[in-house]
Amino acid sequence: MPKQCRIILDVDTGIDDAMAILYAVNRPGITLEALTTTYGNIDVAAATRNSLQILEAAGCPEIPVASGASRALTRPFTKLGSRIHGANGIGNIELPAPKAKALDIWAPDFIIELVRASPGELTLVPVGPMTNVAHALMKAPDIAEKLAGIVLMGGTIWHPGVPGIPSPVADANFFNDPEAARIVLKSGAKITMVGMDVTMKTRLTAPMMDDIAKRGGPAAGIVMQAARFYLAAYQAQYPDITYCALHDPLAVAVAEDPSVVSLEAMQVDVECVGELTRGQVIPDRRRTGTTVPNAEVAIAVEAEKFEALFVETMVTGA
């Protein structure tokens, strides 16, 4: 029997984060140990509220949530997500105030506590800016080798012009805190990078949304309603596009089953200084004695396989 994939999901809960949460909750092979929240698509307080609301809608209010970083390591937070994710982060859908509350512990400290309690067992899946993860690694460098791995959603090798990228060369997660991303990449942890150039090849279309909403439970209906806002935001930027991408859910899927993507080992760094290139991923694919790979990088995805898996997983909790 396959070993259960135990994950900590670090989120800046906008719309694709909400999809990732529900995907993790519904997958029988995944145990969602905790959510940790950060700024990014929305401020950290809203990300925490949204996370609690999605868990309650999914019938899992017992999963612990810890609130974390409110800004990048070196820069204040400027909210960027309302155009893509709505003013409240989940497509302006109004949900009841959550009954559960976040834990009284800072998210990086909670990550440290959980990883030290289960060495070798937990996979950390950050799908927003990696500030929480960087804080945890700086405070407790030992957790790098105690993690089963870090599967991060962020970066882009090919720099495509796609919805949601705030600069010509960087995705939002690396752009918001490149210093944190660099700390994570240089931590010595086993890292898998699932970048936006690959996630953009996964498609959630309006007919797929209809199918999930029809066959899924209340949480699936809420998330698909938010997804329609997401799709409209994509189409406002690219009128000929017929889908929105499954960015964060793909990272969760890779944590459970890396075979859904093709991976290449490479040395990866991040530009932190240049005003025009801040957040740009710098891959070094040379095979010399000085280029030691520090990450397995997704370079392709079995999109149709994952899309079918996503649909069926989203309706599992019905």
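Biologist: How many salt bridges does the structure hold?

Modeller: Please keep in mind that this is a predicted model: local features need pLDDT of at least 70, side-chain atom pairs count only at pLDDT 80 or more, and totals for chains, interfaces and linings use all residues. Residues are numbered from 1 along each chain as its sequence is written, and side-chain values use heavy atoms, with hydrogens and water left out. A salt bridge here is a side-chain nitrogen of Lys or Arg within 4 Å of a carboxyl oxygen of Asp or Glu. By that rule, the number of salt bridges in the structure is 15.

Biologist: Which residue forms a salt bridge with Lys3?

Modeller: Lys3 sits in the segment before β1 (5-11), and its partner is in the loop between α4 (107-117) and β4 (122-126), 118 residues apart. Helices (H or I, at least four residues) and strands (E, at least two) are DSSP runs, numbered from the N terminus. The closest N and O atoms of the pair are 3.5 Å apart, and the partner is Glu121.

Biologist: Is Lys3 buried or exposed?

Modeller: Buried means under 20% relative accessible area, exposed over 50%, and partly exposed in between (1.4 Å probe, protein chains only). Glu121 has 30% relative accessibility, so Glu121 counts as partly exposed. Lys3 has 61%, so Lys3 counts as exposed.

Biologist: How far apart in sequence are the parts tied together by Glu275 and Arg75?

Modeller: These two form a salt bridge, with their closest N and O atoms 3.2 Å apart. Glu275 lies in the loop between β9 (261-270) and β10 (281-284), and Arg75 in the loop between β3 and α3, so the separation in sequence is 200 residues.

Biologist: Which residue pairs with Arg182 in a salt bridge?

Modeller: Arg182 lies in helix α8 (residues 178-185) and its partner in strand β9, so the pair ties together parts that are 87 residues apart in sequence. Arg182 has a relative accessible area of 34%, so Arg182 is partly exposed. The closest N and O atoms are 2.7 Å apart, and the partner is Asp269.

Biologist: Let us turn to the rings. How many aromatic pairs does the structure hold?

Modeller: Rings of Phe, Tyr and Trp (its six-membered ring) pair if their centres lie within 6.5 Å; planes under 30 degrees apart count as stacked, over 60 as edge-to-face and the rest as tilted. Counted this way, the number of aromatic pairs is 5.

Biologist: Are the rings of Tyr23 and Phe306 stacked, edge-to-face or tilted?

Modeller: Their centres are 6.2 Å apart and their planes meet at 55°, so the pair is tilted. Tyr23 lies in helix α1 and Phe306 in helix α13 (residues 303-315), so parts 283 residues apart in sequence are tied together. Both Tyr23 and Phe306 are buried. To come back to what you asked, the arrangement is tilted.

Biologist: How far apart are the end C-alpha atoms of helix α11?

Modeller: Helix α11 covers residues 218-237, which is 20 residues.

Notes:
Expected span 1.5 Å × (residues − 1).
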